[in-house]
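Trainee: I would like to learn how to read a structure like this one. Could we go through a few features together?

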Amino acid sequence: MDPEVMPRVADATSGECRATMMPGAALMVSATASPASPPTETNSSAGTVELPGRHTDTSVGGPSTLGPSLVLAGAMVALILVKPRLASLVERHDAVAAWLTVFVSISLQSLPFLVLGVVLSAAIAVLVPANALARWLPKNPAAAVPMAGLSGVVLPGCECASVPIAGSLVQRGIRPAIALTFLLAAPAINPVVLVSTAVAFNGRLDIVAARFVASLLTAIVVGWVWLRLGRDSLIRMPARHANSHSRLAAFVGEARHDFLHAGGFLVVGATVAATVNVAVPRTWLDTLAGNLAVSIVVLALFAVIVAICSEADAFVAASLTQFPLTARLAFMVVGPTLDVKLFSMQVGTFGRAFAVRFAPLTFVVAVAVATAVGLVLL
Amino acid sequence: VNRLTQSVIVSVVGLVSGLATVNGLFLNFVKPTLQWPLLVASAVLVAIGVYGALVESADDTPAEARTPQRGDEPGHTDQDVSIDQVSRDAVAPGSSGAAEPLPHHEFVTQTPHTHAGGPRIAWLLVVPFVLMGVAAPPPLGAFSAQQDSGLVTTVDSAYDGIPPLPASSAPVALTLSEYSARAVYDQNKTLQGRTVRLTGFVSGRKGGQGWVLTRIALSCCAADAYAVKVDVKGGQRLPDNTWLDVIGSWVPTPGSADTDNPGLPIVRIQTMTQVPMPRNPYE
């Protein structure tokens with residue numbers, strides 16, 4: 001293996017050196033193409049990268065991935081430096097630029113919440129002994145579901161944070177129905193979301209109350225339904241790799257794994273959401289505002305495809321003045337429990353077989369509960 | 001994706017988002033209030049990545065060496081690793097009690113997917129951040145504004161408690177949102193007889209001639225952006241996305257009493273100056 005690794009590492013570093021000197025698209029091409037080019041340009045600066053690289057490469061046993069990763073790291077730094085020259089390229093294509101901006105913004109905006117989520121989930125995985133959490137909850141799972149829903153109040157994040165945490169809870173021996181209730185409730189009923197709802201709707205507390213009640217009820221009902229009818233065997237968790245020496249190493253391993261996993265799927269969802277955002281002007285929605293039933297279904301589906309963070313969706317709901325309040329409530333109740341980005345993350349964390357059954361269940365319950373609560377409270 | 005690459009990906013994401021936050025690029029995508037959360041998140045990611053790359057990979061050498069066959073074969077697929085192997089992994093030498101990875105519950109099935117526990121989908125995470133670094137996407141502008149009515153509609157009922165503007169003879173600087181609220185919904189007509197200063201960019205009027213002074217507003221990030229538009233009287237039509245400082249006065253919108261469907265607010269331009277894009281392009 002060694003003779004094969006050596007030239008590749010040298011390649012990668014030389015590619016990196018070239019990358020720093022070349023602006024524009026040529027940069028990425030040179031970076032990705034470097035493993036195929038002859039290893040002639042190794043110079044003194046490459047040596048500093050090569051040493052640790054070769055060492056870890058041979059020990060970890062993944063030679064094909066080391067080169068690209070080093071190139072990537074170098075290229076990224078270089079790209080930041082040449083970005084002004086590339087900006088003009090994007091500006092000539094308005095739709096592409098808008099798509100890029102929305103795509104990047106969804107990813108960037110999710111980042112702090114995702115990090116919060118994976119740090120908490122790694123802490124649960126590493127610091128909380130297996131099954132300890134289960135002992136704190138009521139023995140009767142049907143009673144534990146509402147408790148899990150209410151405990152969602154304490155997580156001040158959006159849905160990106162709650163997916164890895166729910167995954168971690170299941171790994172720690174919490175029954176899926178209970179963890180899923182938490183997953184659905186947390187992004188919708190935490191204080192940050194409730195305050196932003198109050199601000200968006202100009203202090204209308206009845207709307208805040210309706211949102212809280214409807215979201216909590218949705219989470220609890222879905223939890224109970226899953227408890228009774230769901231098949232937990234559908235859940236397939238990604239393998240963990242926790243053979244580490246210390247708690248710190250285990251913590252870092254968990255956090256990194258969850259971050260990459262949930263984050264990768266989040267990007268899939270962001271791609272869809274950005275495309276919808278640019279391709280479907282929001283003014284089109286106005287033409288769909290019909291009677292109450294139609295409006296509710298339209299806004300519920302809209303919530304799924306636009307994937308707006310639960311901390312901001314109230315502002316969008318408030319701006320949809322052509323729609324009845326109950327339909328806008330449905331938008332705010334469905335959004336945090338199911339959207340393309342969240343669905344994608346659920347596929348990644350719990351497996352496809354689970355997600356394709358759980359998503360329709362969530363959608364139907366959320367729409368029904370939001371409609372009922374809206375008709376009573378608003 | 002081996003562990004070193006995972007660590008590099010995490011560091012790159014942290015580094016790029018950190019740099020973008022420091023140099024102000026992040027303002028093209030999210031609200032300024034996310035500055036500190038982003039900086040903290042970036043620092044955590046860089047720390048995780050660097051720790052993983054430097055400490056852990058050296059740390060793990062013995063464990064890795066003892067399970068050499070895992071993933072070394074070329075052409076192995078995600079599903080190749082048997083549950084058996086994963087269980088062996090899970091109890092590999094060196095795992096401490098606290099890091100015991102899996103309670104073996106009957107309902108949770110493991111899906112082993114890559115040779116070092118790292119998901120291949122991780123590569124996708126790099127994409128938005130590479131794109132951000134490479135293309136430095138511009139803030140949303142006239143293109144997005146044209147997809148939106150531009151009316152400020154976040155107020156459910158008409159404003160009646162709008163405080164008076166500060167007493168001064170100089171033009172009072174207002175955001176377009178604030179101007180719109182006062183121009184369309186304000187029962188006290190606080191704009192009457194005042195000179196205002198508005199900053200925005202040029203975008204085309206919907207379905208017609210002329211242009212409107214425009215600003216994109218965010219609630220959280222560019223995905224929930226909406227346009228705020230102020231119609232203009234006077235002033236020369238400049239190309240789309242030209243940033244302007246406009247000094248002018250309020251003109252009541254005809255029929256604005258109908259709060260269900262008010263027209264755009266209007267400003268009569270006295271002077272307008274071309275200005276560079278503000279550091280934060282959004283409201």
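Mentor: Let's begin with a definition: buried means under 20% relative accessible area, exposed means over 50%, and partly exposed lies in between (1.4 Å probe, protein chains only). With that in hand, Arg211(A) has a relative accessible area of 0% and is therefore buried. Before we go on, note that this is a predicted model, where local features need pLDDT of at least 70, side-chain atom pairs count only at pLDDT 80 or more, and totals for chains, interfaces and linings use all residues. Residues are numbered from 1 along each chain as its sequence is written, chains are lettered from A and ligands numbered from 1 in the order in which they are written, and side-chain values use heavy atoms, leaving out hydrogens and water.

Trainee: Which residue does Arg211(A) meet in a salt bridge?

Mentor: A salt bridge is a side-chain nitrogen of Lys or Arg within 4 Å of a carboxyl oxygen of Asp or Glu. Here the partner of Arg211(A) is Asp313(A), at 3.0 Å from N to O. This pair links distant parts of the chain, 102 residues apart: Asp313(A) sits in helix H15 (residues 313–319) of chain A and Arg211(A) in helix H11 of chain A. Helices here are DSSP runs (H or I, at least four residues), numbered from the N terminus. Asp313(A) is buried too, because its relative accessibility is 1%.

Trainee: How many salt bridges does the structure hold over all chains?

Mentor: Six. Another one joins Asp206(A) to Arg204(A), with the closest N and O atoms 2.9 Å apart. Asp206(A) is partly exposed at 29%, and Arg204(A) is partly exposed at 28%. In chain B, Glu178(B) pairs with Arg182(B), the closest N and O atoms being 3.7 Å apart. Those two are four residues apart in helix H7 (residues 176–185) of chain B, so about one helical turn separates them.

Trainee: And how do I read two packed helices?

Mentor: Two packed helices are described by the angle between their axes and the distance between the axes. Axes are lines fitted to C-alpha atoms, for helices over the stretch in contact, and angles run from 0 to 180 degrees between N-to-C directions. The axes of H16(A) (residues 325–337) and H18(A) come within 9 Å and cross at roughly 145°.

Trainee: Which residues of H16(A) meet H18(A)?

Mentor: Contact means heavy atoms within 4.5 Å. Among the H16(A) residues that meet H18(A) are Leu329(A), Ala330(A) and Val333(A), and their H18(A) counterparts include Phe363(A), Ala366(A) and Val367(A).
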